[in-house]
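Subject: Model handover and notes on its packing

Hello,

The model we spoke about is below. My notes on the sheet and the helix contacts follow it.

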Amino acid sequence: IMKGILLVSHGGLAKGMKESIEMITGYQENLRYVGIEPNEGGEQFEKKMIKEEDALGEVDKILIFCDLLGGTPCNIAMKNYYQDEKYIVISGMNSPMVLSAILNEEISKNNIISDAITGIIDLKEMSLDDCEEE
């Protein structure tokens, strides 16, 4: 199963996420991003998103990670791909979820979401030994 991943956000968050992830994993051919800029409307963003989605090429599944539920990038992803089984659209993008999706070809959407949630930790409630083990 070949999958593509599209990161969508306000401003440069998606680009920064791609750069950070690739710092850990190395270059990822099937990882694309698009951000909506302050001077753009939904139609301009939608055109950019479709262009990046097309650039993923022939993949069986596309995971779209959105920065913010209810934001323009998320709303446009839902509008375009809600009915299509090929797409999984998840909001609340963070590094653990994107890494899990990249590093595990067969990971389920529920496990991606679980990894996103378990990556959120109040470090001051852990011991220093626990932090260093991570």
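At roughly what angle do the axes of helix 4 and helix 5 cross, and within what distance do they come? The axes of helix 4 (residues 95–103) and helix 5 (residues 109–118) cross at roughly 145° and come within 7 Å. Axes here are lines fitted to C-alpha atoms, for helices over the stretch in contact, with angles running from 0 to 180 degrees between N-to-C directions.

Two notes on provenance first. This is a predicted model, in which local features need pLDDT of at least 70 and side-chain atom pairs count only at pLDDT 80 or more, while totals for chains, interfaces and linings use all residues. Residues are numbered from 1 along each chain as its sequence is written, and side-chain values use heavy atoms, with hydrogens and water left out.

Helices (H or I, at least four residues) and strands (E, at least two) are DSSP runs, numbered from the N terminus.

Four strands form an open sheet with parallel pairing, in the order 2-1-3-4; two strands pair if DSSP finds at least two bridges between them. Strand 2 (31–36) and strand 4 (87–91) are at the edges with a single partner strand each, so one side of each has no neighbour in the sheet. On average, neighbouring strands are turned by 20° against each other, direction ignored.

Strand 1 (residues 3–10) is joined to strand 3 (residues 61–66) by six bridges, and V8 stands opposite C66. Strand 3 and strand 4 share five bridges, with I62 partnered by Y87.

The helices

Helix 3 (residues 72–81) lies across strands 1, 2, 3 and 4, at about 160° to strand 4. Contact means heavy atoms within 4.5 Å.

Helix 2 (residues 42–55) and helix 3 have axes that come within 10 Å and cross at roughly 60°. They are therefore oblique to each other (under 35 degrees is roughly parallel, over 145 roughly antiparallel, 65 to 115 roughly perpendicular, and the rest oblique). The contact includes F45, M49 and I50 of helix 2 and P73, I76 and Y81 of helix 3.

Back at helix 4 and helix 5, P96, M97, S100 and A101 meet I112, D115 and A116. These residues divide into five nonpolar, one polar and one charged (Ala, Val, Leu, Ile, Met, Phe, Trp, Tyr, Cys and Pro count as nonpolar, Asp, Glu, Lys and Arg as charged, and the others, Gly among them, as polar).

Regards
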